[in-house]
Amino acid sequence: MRKLVCTAAVAAFMLTAAAPALAVEQDQPEQVDALPFMPAPATQVWATRTLAAQPGQQQQTFLRLDIAQLTPRFVTTDSPATVKITGKIVNVGDRKVSDIVLRLERGEPLDTEDDLRKALKEPAAAEAVQPRFTKVSDALEPGQQTDFTLEVPLRGDQMTSLAVEKPGIYPILANVNGKPDYGGQARLAALSTLLPVLGVPGGETKGKAGAPAKLTVLWPISDRPRLVRFVEDGKSELTDDELATSLSVNGRLYGLLQAYEQAIPSMSTAMCLAIDPDLLRTVQAMSKGYEVRGGGEGKGQVEAELWLDRLNFAVKGRCVVALPYADADLVALNRAKLANMRALAVTDGPKLIQDVLSVRPLPDLVWPEDGVLDQPTFDELATPLPDKKYTGVKSLLLDPTGLADAPGTAPVGIAGEHPVTAVKIDSMVSDALQGSDSRPRTLSGVTAPFENQPVSVQNALAVLVFRAGWQGDGRNVVVAPPRRWNAPLPEMTEFLTAAQKLLGGGYAAQTGLEELTSSTPTVTNAKITYPPEAGAREISPVIADSVTTQSVELNGLVAAMQQEDSEHASPSDLADPLWLGLLRAMSGAWRSNEQGARSAAEISQGELNQLTGMIGVTQPNSPILLGSGDSPIPVTITNKLDVRVTVRIVLEDTPGIRKLDLADQVLPARGERVVRVPVEVLRSGRFPVNVRLTTPEGVALGDAVKLEVSSSAYGTITVIITVIAGIALVLLSGRRIYKRVRARNGEGGDAPTIENVTPEKSSA
């Protein structure tokens, strides 16, 4: 019986372990594949994900398909007559896979915008044309891989080609079949993307759809905050040295600038750089030498200098937009009631860009994170503040989901006391460009999963071709890639090359951003809307509360500062870097990155603590001796800052000592003073007295210092009690003496005389 039970248990375990393999269809006829999972969409991925990373997929993974190259990416009449894909297939499973074959399939062309949006969310059907499979490998053991190249004619018989006979936006599918051990032939890997065909080689060309589309491209030059501080020797300190790689050849920021430079000759009007002023300040600081926090000397000084010189040359006479400083989350700042910081975020950047690059950004223009604002933030941005020299926002770059009652693609006017022009970003093209390190987006119904590998612009390219080639009709197409776009240089170049082909073919026309912002809107009653999902991505209240607390401390410190003279620093010289540090903690780059936001807030708090720590009480070398009950305690206070500071000396409650009133003290710049703090000693003895400095508004300065105070003198109360006791003793003693004197002199009516006293008899 025991053997039977054990045998049954082992059999049950083996059946359970084999279940994934049995999920693969058995006895599949050759050339026919099962579909155990949805193919990975190429909306974001050009080198594909492993299947285990696909949303909603639980099946066991056997193979991974990596597409290295697809040509042509955009088919016109002068394109090659074949579609070529190269890449590799990797066995990522736990068993051998045999009979590995590959084919490229296509679906019916997508005719409407809704069809395209659905294809961006989930792969569109691509089984309309299924050519024969091509053998890739006899077998791959676990961990092995094989390279492949597959060429398929665009036109011809359906068994040997994609049979494309007319222009269209075609879904295509790279389909890998194989036979894993313990299973049958099945689809084991796949990748789906869109192939735009504007003209068929040797065949039909798509006619223009009315007036050409008006194309505008915002090119983002941005990064997450990395600057910590500027140090006294002219150098700076950064959190890490990743920018050194990004600014060098083959780096992300290098590629962004190079792609822009290559496109400018033929797209100078349509292109507009969107620059993060904090990145510009950081690169400028790196070019003068810098250190890495905890890592010694930085290695990117030369790269920073060369990159900055190239940027300076590239933007001469070009369109430039200033992003909010450090790409600060304007809505989160407004919710935290940090009005001064919000104003700083939109006013400091344009000045910095003009100073560093000698080019004036488009004035009074804001492009908020995600392209959306809530109504209170919009009202604050649009309201001029003459006393603070803030003229108010005149134009905004917004996602269509951030507007209501705003039909069409042209700029619209937002009604209100201070009218604002809103330029609408093309959400479908822009969302498809989301990069590997970008968070998922749902504002326009297009989701972009997180990826670990380089991203693709293939589907965004297809959507752009659809906008110009099929919709046309003079619509505005404002393309805005992700703020911190992480596409490889070839992908950026492919996208801009497609745009240039559309411009050259007359399907699109260049339109400058300044033309859009200065145009007179035909719709003037648009309203601001704020999607709930956008609010969920704001900087968290925990970080906002921390920044609010720090801003209160910094305001209190600034209020206590005064400039010594023209040769010394002003309070703003010391405080402005800290305000910018607080903006870095509220950067939109930290959305969906709570730890990054916490680290930035800790850095800003550390910088504030370092500034307040420059003012404090000096520890004396020996105990302080008081000669009398009203002797003051000498306290040495020091100011290492280059500004005059008003301070308040605070003595903690100490039994035996009472602090008397003392006026606030003014410490000179880089000076010290010995202040005699009036106290009243209530008793003799030795007292530990804790002393610290604060501003008049209560902001703590430096650390508390413990003073050892000794006094052998009596306090006032003790002296009074002693005097009263002495007087009482004198009075009592005088009274007793007085009575004795009277008794001796026989005074007093009741005193007996000697005659009336009977002598006492002796007992002897």
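**Figure 1. Surroundings of A569 in the predicted model.** Leaving aside neighbours within four places in sequence, A569 is in contact with Q563, D642 and V643, where contact means heavy atoms within 4.5 Å. A569 itself lies in the loop between β24 (561-562) and α16 (571-585); helices here are DSSP runs of H or I with at least four residues, strands are runs of E with at least two, and both are numbered from the N terminus. With a relative accessibility of 14%, A569 counts as buried, a term that means under 20% relative accessible area, whereas exposed means over 50% and partly exposed lies in between (1.4 Å probe, protein chains only). A569 and R644 are 75 residues apart in sequence, yet their C-alpha atoms are 9.5 Å apart in space. This is a predicted model, in which local features need pLDDT of at least 70 and side-chain atom pairs count only at pLDDT 80 or more, while totals for chains, interfaces and linings use all residues. Residues are numbered from 1 along each chain as its sequence is written, and side-chain values use heavy atoms, with hydrogens and water left out.

**Figure 2. Packing of helix α8 against α16.** Two packed helices are described by the angle between their axes and the distance between the axes. The axes of helix α8 (residues 339-357) and α16 come within 10 Å and cross at roughly 95°; axes are lines fitted to C-alpha atoms, for helices over the stretch in contact, and angles run from 0 to 180 degrees between N-to-C directions. The two helices, α8 and α16, are therefore roughly perpendicular to each other, given that angles of 65 to 115 degrees count as roughly perpendicular, under 35 as roughly parallel, over 145 as roughly antiparallel and the rest as oblique. On the α8 side the contact is made by M341, L344, A345 and D348, and on the α16 side by W579, L580, L582 and L583. By class, the contact of α8 with α16 comprises seven nonpolar residues, no polar ones and one charged; Ala, Val, Leu, Ile, Met, Phe, Trp, Tyr, Cys and Pro count as nonpolar, Asp, Glu, Lys and Arg as charged, and the others, Gly among them, as polar.

**Figure 3. Packing of helix α4 against helix α12.** Helix α4 (residues 252-267) and helix α12 (residues 489-504) pack at an angle of about 15°, and their axes are 9 Å apart. That angle makes α4 roughly parallel to α12. The crossing of α4 and α12 is right-handed; a crossing is called right-handed if the near helix is turned clockwise from the far one by less than a right angle, and left-handed if anticlockwise. Helix α4 contributes R252, G255, L256, Q258, A259, Q262, A263, S266 and M267 to the contact, and α12 contributes L489, M492, T493, L496, A499, Q500 and L503. In the contact of α4 with α12 there are nine nonpolar, six polar and one charged residues.

**Figure 4. Packing of helix α5 against helix α6.** Helix α5 (residues 277-286) and helix α6 (residues 301-314) pack with their axes 8 Å apart and at an angle of about 130°. The helices α5 and α6 are therefore oblique to each other, and their crossing is left-handed. The contact is made by L280, V283, Q284 and M286 of α5, together with Q301, A304, W307, L308 and L311 of α6. The residues of the contact of α5 with α6 divide into seven nonpolar, two polar and no charged.

**Figure 5. The disulfide between C272 and C319.** A search of the whole structure finds one disulfide, defined as a pair of cysteine sulfur atoms within 2.5 Å. The disulfide is formed by C272 and C319, with their sulfur atoms 2.0 Å apart. The pair links distant parts of the chain, with C272 in strand β12 (residues 271-275) and C319 in strand β15 (residues 319-322), 47 residues apart. The link of C272 and C319 is left-handed, with -65° about the S-S bond, and both C272 and C319 are buried.

Figure 6. Most residues other than glycine have a negative phi, and most peptide bonds are trans. The peptide bond from T71 to P72 is cis, with omega near -5°, and P72 is found in the loop between β2 (63-71) and β3 (82-91). A163, although not a glycine, has a positive phi of about 55°; A163 is found in the loop between β6 (145-153) and β7 (168-180) and counts as buried at 11% relative accessibility. D370, also a residue other than glycine, has a positive phi near 65°; D370 lies in the loop between β16 (365-366) and α9 (375-382) and counts as buried at 6% relative accessibility.
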